[in-house]
Amino acid sequence: MAPLAYERYRHQVAAQLASLRATLDGADLSVTVPTCPDWTLDRLVRHAGGAVRLVELHVRTRATENIPDARVPGFEGPEEEGVAALDAWLAEAAERFDETLRGAEADTPVWSWAGQATAGFWARRMTHEVAIHRADAAIAVGAAYELAPDVAADAIDEWLELVRFVQLAKVDPRAAELTGDGRTLGLHGVDAGAGWVVTLGPDGVAWERGPAAADADVVLRGPLTEVLLAFYRRRGLDSGRVEVVGDRGLLEFWLSRASFG
């Protein structure tokens with residue numbers, strides 16, 4: 001499937017940051033984030049906001065090489081502690097990012113670490129970076145979490161593309177193990193009618209969208225948002241929110257190797 005429209009990503013980054021800010025309202029920033037157990041909620045939010053500021057600087061300056069974190073103004077977050085300071089810092093990052101994306105096009109050349117060196121790549125990457133870390137924050141504070149179906153589906157598409165990129169670039173030995181004799185994993189978002197079939201072949205990972213997901217060797221099924229979170233290892237397979245049908249070991253094998261995100 002083709003990625004979403006550039007403007008859709010621009011609006012989604014702003015929307016995801018606004019939702020992240022809402023999630024922080026009244027939160028205890030010292031709590032441990034269950035999905036990122038080495039981080040507190042404060043550290044998680046600073047990471048997400050710093051990533052947005054880093055990408056904004058790359059796109060605004062039309063960078064042709066990677067800009068070190070130390071050169072990004074405000075990258076580490078506000079000096080002040082507390083939700084109010086973080087909220088203002090995130091709001092400023094959102095405003096700058098939106099303004100910068102409005103000043104670029106999807107095909108504007110910008111350095112990236114992946115095969116697509118464009119502003120469009122970064123708009124898409126930040127949509128899902130913030131969306132997934134918003135899920136981390138929501139889980140940490142016990143808040144509800146939902147994504148629009150097109151955004152959740154695109155997040156799965158992008159994750160599969162990144163897994164394949166990492167595999168081809170040979171930058172993570174775990175991805176190199178994602179091969180096989182044609183065994184298949186199915187993903188089925190039952191509420192959205194969305195399905196994927198991922199094949200582990202001798203040359204690596206391949207996938208396609210389609211209804212054949214139900215015929216795979218193992219199927220991860222449930223509401224699309226919950227399928228995404230399980231596939232991203234944000235929810236456990238035994239959370240009660242998804243169902244695993246078939247060869248569970250194959251799915252666990254995949255999740256243990258596609259674990260660099």
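Let me start with a definition, which is that the expected span of a helix is 1.5 Å times one less than its number of residues. Please also keep in mind that what you see is a predicted model.

With that in hand, we can look at helix H4, which covers residues 119-141 and so has 23 residues by the way helices are assigned here. From its first C-alpha to its last, H4 reaches 33 Å, which is close to the 33 Å expected at 1.5 Å a residue. Is H4 largely enclosed by the rest of the structure or largely open? Of its 23 residues, 21 are buried, so H4 is largely enclosed by the rest of the structure. Just after H4 comes Gly-142, which takes a positive phi of about 75 degrees.

If we now step back to the loop between H3 and H4, we find Ala-114, which is buried, with a relative accessible area of 15%, where the cut-off for buried is under 20%. Leaving aside residues up to four places away in sequence, Ala-114 touches Phe-121 and Phe-165. The C-alpha atoms of Ala-114 and Leu-162 are separated by 8.2 Å, although these two residues are 48 residues apart along the chain.

By class, the lining of the largest pocket has 16 nonpolar, seven polar and seven charged residues.

The second largest pocket holds about 220 Å³ of space, and of the 16 residues lining it, Pro-3, Gln-116, Phe-121, Arg-124 and Glu-161 are the closest to its centre. Here H5 gives the most to the lining, with four residues.

Finally, how many cavities of 30 Å³ or more does the structure hold? There is one, and the volume of the largest cavity is about 50 Å³. Its lining includes Arg-53, Glu-56 and Ala-93, and the lining residues divide into four nonpolar, no polar and four charged.

Methods:
Residues are numbered from 1 along each chain as its sequence is written. This is a predicted model: local features need pLDDT of at least 70, side-chain atom pairs count only at pLDDT 80 or more; totals for chains, interfaces and linings use all residues. Side-chain values use heavy atoms; hydrogens and water are left out. Helices (H or I, at least four residues) and strands (E, at least two) are DSSP runs, numbered from the N terminus. Buried means under 20% relative accessible area, exposed over 50%, partly exposed in between (1.4 Å probe, protein chains only). On a 1 Å grid over the protein atoms alone, a cavity is a set of points where a 1.4 Å probe fits but cannot get out, and a pocket is an open set with protein on both sides within 12 Å along at least five of seven lines; lining residues have an atom within 4 Å of a point. Grid points are joined across faces, edges and corners, and a volume is the space filled by probe spheres set on the points. Ala, Val, Leu, Ile, Met, Phe, Trp, Tyr, Cys and Pro count as nonpolar, Asp, Glu, Lys and Arg as charged, and the others, Gly among them, as polar. Contact means heavy atoms within 4.5 Å.
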